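Trainee: I've got a new chain to go through. Let's take it piece by piece.

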Amino acid sequence: MAEGDTLISVDYEIFGKVQGVFFHKYTQAEGKKLGLVGWVQNTDQGTVQGQLQGPISKVHLMQEWLETKGSPKSHIDRANFRNEKVILKLDYSDFQIVK
């Protein structure tokens, strides 16, 4: 398997003005566009968190999107990524918004 095809999983948490600005809807759409699976949800602390899974190159594109772009009305202060690891298969079949 080529480097770009290696499957990885990474957890994320996004800080800033990311609730009430359709952030998770845009995150889901961007994830699906890139062919990723995983989930996204709002937290009680006013952040957005979730997990990304897919080919390493696509996950890195999504991480950059989460860190710098987000939804049009969002304001991202910082993005934390943790637990990045290589996986043998995807744990999800699509990209979910978790309530």
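Mentor: Start with Asn83. Asn83 counts as partly exposed, because its relative accessibility is 47%. Buried means under 20% relative accessible area, exposed over 50%, and partly exposed in between, with a 1.4 Å probe and protein chains only. Asn83 sits in strand E4.

Trainee: What about the phi of Asn83?
Mentor: It's positive, about 60°, although Asn83 is not a glycine. Most residues other than glycine have a negative phi.

Trainee: Which ground rules apply to this model?
Mentor: It is a predicted model, so local features need pLDDT of at least 70 and side-chain atom pairs count only at pLDDT 80 or more, while totals for chains, interfaces and linings use all residues. Residues are numbered from 1 along each chain as its sequence is written, and side-chain values use heavy atoms, with hydrogens and water left out.

Trainee: Where is Phe22, and what is its phi?
Mentor: Phe22 is in the loop between E1 and H1. Its phi is near 60°, again positive in a residue other than glycine.

Trainee: Buried or exposed, that Phe22?
Mentor: Exposed, because its relative accessibility is 56%.

Trainee: Zoom out. What is the order of elements?
Mentor: From the N terminus the chain runs β-α-β-β-α-β-β. That gives two helices and five strands. Both kinds are DSSP runs numbered from the N terminus: helices are H or I with at least four residues, strands are E with at least two.

Trainee: What does the radius of gyration say?
Mentor: A compact globule of 99 residues would have one near 13 Å, and the chain has 13 Å, so the two agree. The radius is taken over C-alpha atoms, and the globule rule is 2.2 Å times the number of residues to the power 0.38. Along its principal axes the C-alpha trace spans about 40 × 25 × 25 Å. Buried residues make up 45% of the 99.

Trainee: Now H2. What span should it have?
Mentor: H2 covers residues 56-68, and its 13 residues should span 18 Å at 1.5 Å a residue. The expected span is 1.5 Å times one less than the number of residues. Its end C-alpha atoms are 18 Å apart, so that agrees.

Trainee: Which residues of H2 are buried, and what covers them?
Mentor: Ile56, Val59, Met62, Gln63, Trp65 and Leu66 are buried. The cover includes strands E1 (7-17), E3 (48-55) and E4 (75-86), plus H1. After H2 comes Gly70, with a positive phi near 65°.

How values were computed
Contact = heavy atoms within 4.5 Å.
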